[in-house]
Amino acid sequence: MNSSLKQLMKPLLIPAIPGGIITILIFYFDYFHFELVEKFLLFAAFVIVPLVILLLNYDEKNIQQRMVYAAIKWLQFPAALLALISVMSSKLWGLEGTAIPGILSLGWLLFTLLLGTYGLITIVISKGKAAEIAIGAGLVYFFIGGIWFTLYQYQTDLYQANLTTHALSSVHFHFSSAIVPIFIGALGRIMTKKSWYPWVVAIDIIGPLLIAVGMIFSKPIEYIGVTLFACNIVIYTTYLLAYLRRNSLHNKATLFLGLSCIAFYTVIVLSILYPLLRNIFSLTILDFIPIYGSLHAFGFVLCGLIGWVYMVDSIKKQLTYGNR
């Protein structure tokens with residue numbers, strides 16, 4: 001890994017290492033009697049977001065963007081700790097039903113507001129570049145996920161949405177809605193531009209909104225959003241795998257991005273085989289939710305982010321050697 005990327009990663013590794021340890025404890029120790037969706041939300045706060053920050057570009061000449069980036073980099077871990085304390089106060093300390101969990105969740109909400117602000121700045125200064133617009137939209141979706149998390153911690157009903165819907169919506173916007181646009185934007189930075197790429201970005205931005213609206217108001221709208229979103233991921237993974245075959249890159253980039261694509265296709269295969277597996281093994285959808293969630297969060301999202309970090313390193317090395 002070249003020195004410039006090491007300098008970028010060094011300050012983030014300090015909070016990422018304890019954050020990763022905390023996440024392992026949350027998932028595997030019985031002391032943390034959290035719901036599965038809460039564990040995935042904290043996994044996003046402690047591990048996913050720091051990796052996303054590594055992929056962000058900023059313009060040295062843009063003071064606003066540089067200042068917001070610095071704030072994001074240093075406030076991520078404290079905000080994640082506040083999110084953890086918020087969940088612990090409601091699940092472990094007997095404060096559920098009080099305003100305290102909601103108040104504590106405001107720390108993460110404000111941090112995701114910073115991410116959303118950075119995303120809007122990225123969109124404004126992108127000069128119409130579809131890849132940067134996609135990444136900016138993904139960052140804005142983190143803020144929407146923060147809003148749903150705060151509503152969940154305040155135990156506030158919104159329209160026809162109950163607390164379970166709040167939690168699921170927050171996970172949706174912290175993972176699929178935010179990460180897939182960032183992945184497609186990262187791909188757009190390196191791919192040979194295609195006429196269809198802006199349409200993929202547009203659908204990728206609209207799809208999560210349709211899913212979120214459908215979860216609250218209309219199942220048909222949700223199904224349309226899921227279908228469009230899934231088709232977009234198929235396009236992304238297919239093109240990415242073809243790109244990895246054609247280009248000589250860092251072995252770790254190829255490995256992790258390949259694992260990310262395989263995890264997505266595994267989810268599709270399991271979804272297709274679900275009726276058969278349910279009848280053979282007497283399984284219910286509740287048995288499959290942890291499998292789907294793990295494949296998506298740890299396989300598609302985590303491996304994908306690690307792969308893109310190594311991809312950035314590999315491309316920088318190629319540019320460095322090419323300029324010698």
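Met 215 is partly exposed, with a relative accessible area of 21%; here buried means under 20% relative accessible area, exposed over 50% and partly exposed in between, using a 1.4 Å probe and protein chains only. This is a predicted model, in which local features need pLDDT of at least 70 and side-chain atom pairs count only at pLDDT 80 or more, while totals for chains, interfaces and linings use all residues. Residues are numbered from 1 along each chain as its sequence is written, and side-chain values use heavy atoms, with hydrogens and water left out.

You can find Met 215 in helix H8; helices here are DSSP runs of H or I with at least four residues, strands are runs of E with at least two, and both are numbered from the N terminus. Which residues does Met 215 touch, leaving aside its neighbours within four places in sequence? Met 215 is in contact with Thr 165, Leu 168, Ser 169 and Glu 222, where contact means heavy atoms within 4.5 Å. Met 215 and His 166 are 49 residues apart in sequence, and their C-alpha atoms are 9.8 Å apart in space.

Now look at helix H6, residues 163–174. Its 12 residues reach 17 Å from first C-alpha to last, close to the 16 Å expected; that expected span is 1.5 Å times one less than the number of residues. H6 is mostly covered, with nine of its 12 residues buried. Among them are Thr 165, His 166, Ser 169 and His 174. The buried residues of H6 pack against helices H2 (36–54), H4 (100–124), H5 (130–154), H7 (176–190) and H8 (197–216).

**Aromatic rings**

A pair of aromatic rings is described by the distance of the centres and the angle of the planes. Rings of Phe, Tyr and Trp (its six-membered ring) pair if their centres lie within 6.5 Å; planes under 30 degrees apart count as stacked, over 60 as edge-to-face and the rest as tilted. The count comes to 20 aromatic pairs.

Trp 196 is in the loop between H7 and H8, whereas Tyr 239 is in helix H9 (residues 219–246), 43 residues apart. Trp 196 counts as partly exposed at 33% relative accessibility, while Tyr 239 is buried at 12%. The charged end of Arg 246 sits over the ring of Tyr 239, 5.8 Å from its centre; this requires NZ of Lys or CZ of Arg within 6 Å of the ring centre and within 35 degrees of the ring normal.

Phe 256 lies in helix H10 (residues 251–281) and Tyr 310 in helix H11 (residues 285–322), so their pair ties together parts 54 residues apart in sequence. Phe 256 counts as partly exposed at 21%, and Tyr 310 as buried at 19%. Elsewhere, ring pairs link Phe 27, Phe 40, Phe 43, Phe 175 and Phe 298 into a cluster.

**A loop residue**

Is Lys 127 buried or exposed? At 79% relative accessibility, Lys 127 counts as exposed, and it lies in the loop between H4 and H5. Most residues other than glycine have a negative phi. Lys 127 has a positive phi of about 55° although it is not a glycine.
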